[in-house]
Amino acid sequence: MKIHVKFFARYREALGVEAVTVDGEFATVDDVRALLARRDGADVLREQNLMCARNEDLCQLDEPVEDGDEVAFFPTVTGG
């Protein structure tokens, strides 16, 4: 299964890429995150409060994924 992954804000800066495509067997968005978090320099994806989207809809890490899906990761936004 191929999953297209986009990174935004400081995740994109930390990883040095805007997007990647990963191949593997994934059941959920969290499976994709876990694979990516094991890569060098990807510690930022281990954060507890990261936000994610599947096919441009906000979701939780337990969201199921299907072949060809687009998954995006971005940090939570705080403001005052």
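Trainee: Which residues does Val5 contact, leaving aside its neighbours within four places in sequence?

Mentor: Contact means heavy atoms within 4.5 Å. Val5 touches Glu18, Ala19, Val20, Val22, Val32, Leu36, Val71 and Phe73. This is a predicted model, where local features need pLDDT of at least 70, side-chain atom pairs count only at pLDDT 80 or more, and totals for chains, interfaces and linings use all residues. Residues are numbered from 1 along each chain as its sequence is written, and side-chain values use heavy atoms, leaving out hydrogens and water.

Trainee: Which strands does S5 pair with?

Mentor: Strands (E, at least two residues) and helices (H or I, at least four) are DSSP runs, numbered from the N terminus. Two strands pair if DSSP finds at least two bridges between them. S1 (residues 2-7) runs parallel to S5, joined by four bridges. Val5 stands opposite Val71 there. S3 (residues 51-54) runs antiparallel to S5, also over four bridges. In that pairing, Ala53 faces Ala72 and Cys52 faces Phe73.

Trainee: Why is S5 largely enclosed?

Mentor: Buried means under 20% relative accessible area, exposed over 50%, partly exposed in between (1.4 Å probe, protein chains only). Four of the five residues of S5 (residues 70-74) are buried, so the rest of the structure largely encloses this strand.

Trainee: Which residues have the most contacts inside the largest nonpolar core?

Mentor: Such a core is a set of buried Ala, Val, Leu, Ile, Met, Phe, Trp, Tyr and Cys residues joined through side-chain atoms within 4.5 Å. The largest has 20 residues, with Val5, Leu36, Leu45 and Phe73 making the most contacts inside it. H2 gives the most to this core: four residues.
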